[in-house]
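Biologist: I would like to go through this fold with you, piece by piece. Shall we start once it is on the screen?

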Amino acid sequence: MSTPTATVQRKKRDPRNGLKMSASLATVFTILGHTVFGFDQPVSQVFVALITGYSCALFFEWVDARVCGCPPAYAGGGWRKLFNFLLAPHMTSITLSFLLYFGERLWIMALTVALAIGSKHVLRVRVNGRLQHFMNPSNFGIAIVLIAYQWTGVLPWNFTVDINNPWDWLVPLAIVMLGTRLNLLFTGRTPSILAWLGTFVLLGVIRSAVRSTPLAAELVVLTGIPMVLFTFYMITDPQTSPSRLRSQILFGASIAFAYYALLTLNVQYMMFYSVTIVCAARGVCLLMASLRSPVAEPVGVRETAGSTV
């Protein structure tokens with residue numbers, strides 16, 4: 001007589017919970033930044049970013065839905081559906097509000113957010129019959145604005161100017177721990193992180209040996225809050241990064257190679273440009289693949305998931 005075995009299926013996690021977690025962490029980080037950490041940006045920059053992000057997301061989605069002949073993604077589900085729809089633009093907008101500094105030129109903040117949100121509707125390719133954006137929205141907006149307005153777009157590297165030991169170490173540590181949990185539970189992009197960090201360290205060792213510079217000088221940038229945010233929250237955007245293991249490793253390593261290539265050319269803001277370059281290359285590859293094996297798209301089938309960044 002055989003004994004029946006119980007099979008316990010792991011409950012599939014809702015990816016929207018990961019987006020909610022990311023948006024909540026970014027919001028808390030922004031509030032603490034302006035009240036405790038000592039952010040340099042004016043508070044008005046946050047409100048301009050959020051208002052622009054919400055407005056552009058709703059407008060672009062409405063236009064996209066009209067063109068496709070289907071209802072907007074935020075319609076037909078009450079306030080809860082609208083809330084879930086606005087999570088992605090909220091994350092993009094509030095992230096941009098603390099990554100860049102424009103002083104009193106708030107119109108450039110609005111332009112950056114509009115470019116980021118708009119890229120999701122313009123820079124798209126067909127993947128498995130659905131239109132999918134391939135550029136990381138935040139990186140794209142930052143890259144375009146820093147190229148066009150280098151005289152005003154300044155990255156505030158010191159996010160914790162008003163706190164001292166041990167808090168200036170505990171804050172990055174908390175960001176790393178929360179980011180690790182987020183990627184383990186929801187995004188599944190841990191291989192991308194490890195590939196990026198491993199390749200970065202390897203290239204740092206090579207650069208240190210070739211240039212006879214201290215290894216610590218090559219790797220110390222990894223300990224800063226901007227690089228921590230970049231590593232655990234930006235390059236792991238599930239909508240603009242690959243999901244297969246081999247592709248994740250190639251994606252993360254490519255960002256590190258692009259970073260050091262730009263560093264060798266004395267290009268500033270290379271961490272943003274490196275992701276933009278790699279995402280653009282991935283988009284070209286996806287476009288070529290879609291052209292080789294075209295799939296008919298049913299009427300009204302569009303991209304439905306939102307980016308985390």
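**Fold, core and salt bridges**

Modeller: This is a predicted model, where local features need pLDDT of at least 70, side-chain atom pairs count only at pLDDT 80 or more, and totals for chains, interfaces and linings use all residues. Residues are numbered from 1 along each chain as its sequence is written, and side-chain values use heavy atoms, with hydrogens and water left out.

Biologist: How many helices and strands does the protein have?

Modeller: Helices (H or I, at least four residues) and strands (E, at least two) are DSSP runs, numbered from the N terminus. Along the sequence the pattern reads α-α-α-α-β-β-α-α-α-α-α-α-α. The count is 11 helices and two strands.

Biologist: What percentage of the residues count as buried?

Modeller: Buried means under 20% relative accessible area, exposed over 50%, partly exposed in between (1.4 Å probe, protein chains only). The protein has 309 residues, and the buried share is 47%.

Biologist: Which residues have the most contacts inside the largest nonpolar core?

Modeller: A nonpolar core is a set of buried Ala, Val, Leu, Ile, Met, Phe, Trp, Tyr and Cys residues joined through side-chain atoms within 4.5 Å. The largest one has 63 residues. Its largest share, eight residues, comes from helix α9 (residues 225-234). The residues with the most contacts inside this core are Phe29, Trp196 and Phe230.

Biologist: Which residues does Phe29 touch, not counting residues up to four places away in sequence?

Modeller: Contact means heavy atoms within 4.5 Å. With sequence neighbours up to four places away left out, Phe29 touches Phe37, Phe39, Phe98, Phe159, Ile175, Ile225 and Leu229.

Biologist: Is helix α5 largely enclosed or largely open?

Modeller: Helix α5 covers residues 137-148. Its buried residues include Phe140, Ile142 and Leu146. Cover comes from, among others, α3 (78-99), α4 (106-122) and α11 (270-292). Nine of the 12 residues of α5 are buried, so the helix is largely enclosed.

Biologist: How far apart are the end C-alpha atoms of α5?

Modeller: The expected span of a helix is 1.5 Å times one less than its number of residues. For the 12 residues of α5 that should give 16 Å, and the model agrees: the end C-alpha atoms are 17 Å apart.

Biologist: Which residue forms a salt bridge with Arg124?

Modeller: A salt bridge is a side-chain nitrogen of Lys or Arg within 4 Å of a carboxyl oxygen of Asp or Glu. Here the closest N and O atoms are 2.9 Å apart. Arg124 lies in strand β1 (residues 124-127) and its partner in helix α2, so the pair ties together parts 60 residues apart in sequence. The partner is Asp64.

Biologist: Which residue meets Glu218 in a salt bridge?

Modeller: By this rule the count comes to two salt bridges. Glu218 is in helix α8, and its partner, 11 residues away, is in helix α7 (residues 190-211). With N to O at 3.0 Å, the partner is Arg207.

Biologist: Where is Leu215, and how far is its C-alpha from that of Gly204?

Modeller: Leu215 is found in helix α8 (residues 215-219). Leu215 is partly exposed, with a relative accessible area of 36%. Leu215 touches Gly204, Val205 and Ser208, leaving out residues up to four places away. Leu215 and Gly204 are 11 residues apart in sequence, and their C-alpha distance is 6.9 Å.
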